[in-house]
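Have a look at it, then follow the questions.

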Protein chains: 2
Amino acid sequence: MSKLALEHFLPYRLNRLSSVVSQQFRAVYGPHHDLTVPEWRVLATLAQFGTMTAKAIGKHSSMHKTKVSRAVRALEERRWLVRRESDQDRREESLSLTAPGLHAYREIVPRALAFEAGILAALGPHAEPLLEALALMEARFPVD
Amino acid sequence: MSKLALEHFLPYRLNRLSSVVSQQFRAVYGPHHDLTVPEWRVLATLAQFGTMTAKAIGKHSSMHKTKVSRAVRALEERRWLVRRESDQDRREESLSLTAPGLHAYREIVPRALAFEAGILAALGPHAEPLLEALALMEARFPVD
DNA sequence: TTGAGATGGTTGCTTTGGTAACTGTCGATT
DNA sequence: AATCGACAGTTACCAAAGCAACCATCTCAA
């Protein structure tokens with residue numbers, strides 16, 4: 001009879017690791033503890049690309065459009081981003097960060113990078129192989 | 001100014017990968033498509049250890065006690081497990097799989113292992129380093 | 001030009017998950 | 001024995017997330 005040990009089972013391990021890392025990552029938001037993961041992703045994506053549409057944000061950050069919609073509204077209420085109706089296509093809106101939004105982003109980024117660097121440093125020589133393996137798995141399970 | 005590309009950011013990548021792998025894994029449940037992840041974990045844990053308490057299941061499968069409680073009830077309603085009140089300590093209950101529960105488990109396991117093997121095979125020589133890196137990260141972020 | 005289907009985005013409904021409060025039982029101390 | 005704090009498990013309540021229906025606008029073709 002074939003045996004399966006949950007604690008060695010890859011999907012379980014990925015899931016568990018992902019959630020504990022996300023959990024720990026919350027501490028990185030620093031003074032902005034009420035930020036959610038979707039909000040962080042929208043923030044990071046907009047900072048990365050400047051102005052873009054909600055659709056494009058969703059695509060880049062692998063989020064469902066309702067998740068994006070709600071995160072955008074939350075950031076808007078926080079005055080971290082503004083909407084501008086596109087005049088080529090009035091269905092879509094151009095989203096971009098405000099000065100306070102960018103400020104918060106710049107505050108978070110170094111801590112985020114340090115957090116990541118801490119993990120990679122702990123992996124030592126295993127870091128590079130891990131990243132390669134991740135890339136392979138991402139290729140096997142592409143977005144949509 | 002330090003730059004962060006979301007698509008290369010480790011916590012994001014882990015999260016994304018974990019959820020797409022879980023998503024794909026659902027297909028493995030085969031005829032039992034309505035099984036949830038928490039239910040699968042309870043099933044797998046009980047099959048692995050035989051009789052045990054809800055508390056112990058939660059500990060082994062990294063699940064909050066409410067999640068365990070609900071998954072146990074669902075499996076009970078499906079007649080895949082039974083509760084027996086422990087008589088040393090009447091607060092806790094001994095949980096164990098029924099014949100149909102074990103049957104379903106045995107049906108799922110080979111498919112689950114094949115799914116995992118497929119991923120590892122695709123990784124080729126990167127599989128072993130990945131598993132080592134996973135173990136290191138798990139050590140860095142222990143349960144509780 | 002108008003009508004049909006596609007598309008960007010929002011909202012309502014339902015499911016799922018976490019926190020905290022609760023119930024019942026245990027162990028220990030008096 | 002009576003009481004108090006700890007503990008197993010459940011439940012009630014609330015926040016987060018997905019699905020589907022919806023609205024407004026666009027595109028394209030007759």
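Q: What makes Arg79(A) exposed?
A: This is a predicted model, and the label comes from counting neighbours. Arg79(A) has 11 other C-beta atoms within 10 Å. A residue with 12 or fewer counts as exposed, so Arg79(A) is exposed.

Q: Where is Arg79(A), and what is its phi near?
A: Arg79(A) sits in the loop between α4 and β1 (81-85) of chain A. Its phi is near 65°, a positive value in a residue other than glycine.

Q: Why is Ser62(A) called partly exposed?
A: Ser62(A) has 17 C-beta neighbours inside 10 Å. Buried needs 20 or more and exposed needs 12 or fewer, so Ser62(A) lands in between and counts as partly exposed.

Q: Which loop holds Ser62(A), and what is its phi near?
A: Look in the loop between α3 and α4 of chain A. Phi of Ser62(A) is near 55°, again a positive value in a residue other than glycine.

Q: How do you know whether Leu81(B) is buried or exposed?
A: Count again: Leu81(B) has 23 C-beta neighbours inside 10 Å. The cut-off for buried is 20 or more, so Leu81(B) counts as buried.

Q: Where is Leu81(B), and what does it touch?
A: Leu81(B) belongs to strand β1 (residues 81-85) of chain B. Leaving aside residues up to four places away in sequence, its contacts include Leu46(B), Val72(B), Leu75(B), Leu95(B) and Leu97(B). The C-alpha atoms of Leu81(B) and Ala71(B), 10 residues apart along the chain, are separated by 11 Å.

Q: What does chain A look like as a whole?
A: Chain A has 6 helices and 2 strands, running α-α-α-α-β-β-α-α from the N terminus on. Its C-alpha atoms fill a box of roughly 60 × 35 × 25 Å along the principal axes. Of its 144 residues, 32% count as buried. Among contacts in chain A between residues at least 6 apart in sequence, 49% join residues at least 24 apart.

Q: What makes α2(A) roughly perpendicular to α4(A)?
A: These helices pack at an angle of about 80°, with their axes 9 Å apart. Angles of 65 to 115 degrees count as roughly perpendicular, so that is what α2(A) is to α4(A).

Q: Which residues make the contact between α2(A) and α4(A)?
A: From α2(A) come Pro38(A), Glu39(A), Val42(A) and Leu43(A), while α4(A) brings Lys67(A), Val68(A), Ala71(A), Val72(A), Ala74(A) and Leu75(A). By class, that contact has 8 nonpolar, no polar and 2 charged residues.

Q: Why is the relation between chain A and chain B that of a two-fold axis?
A: Chain B can be laid on chain A by a turn of 180° and a shift of 0.0 Å along the axis, with an RMSD of 0.0 Å. That is the relation of a two-fold axis. Of the residues of chain B, Leu130(B) comes closest to the rotation axis, at 2.6 Å (C-alpha).

Q: How do you know that the copies meet through the same surface?
A: Compare the two sides: 100% of the interface residues of chain B are also interface residues in chain A, so the copies meet through the same surface. In this interface, 46 residues of chain B are in contact with 46 residues of chain A. On the chain B side, α1(B) gives the most, with 13 residues. That side divides into 27 nonpolar, 11 polar and 8 charged residues.

Q: Which residues come nearest to DNA strand C?
A: Of the 19 residues around DNA strand C, Ala54(A), Lys55(A), Ser69(A), Glu92(A) and Arg90(B) come nearest. The largest share of this surface, 4 residues, comes from α4(A). By class, the surface near DNA strand C has 4 nonpolar, 6 polar and 9 charged residues.

Q: What surrounds DNA strand D?
A: DNA strand D has 19 residues around it, with Arg90(A), Ala54(B), Lys55(B), Ser69(B) and Glu92(B) the closest. Here α4(B) supplies the largest share, 4 residues. The surface near DNA strand D splits into 4 nonpolar, 6 polar and 9 charged residues.

Notes:
Residues numbered from 1 in each chain as written. Chains lettered and ligands numbered in written order. Predicted model: local features only at pLDDT ≥ 70, side-chain atom pairs only at ≥ 80, totals over all residues. Near = placed C-beta within 6 Å. Nonpolar A, V, L, I, M, F, W, Y, C, P; charged D, E, K, R; others polar. Least-squares fit on C-alpha atoms with pLDDT ≥ 70 in both. Contact = placed C-beta atoms within 7 Å. Axes fitted to C-alpha atoms, helices over the stretch in contact; angles between N-to-C directions. Parallel < 35°, antiparallel > 145°, perpendicular 65-115°, else oblique.
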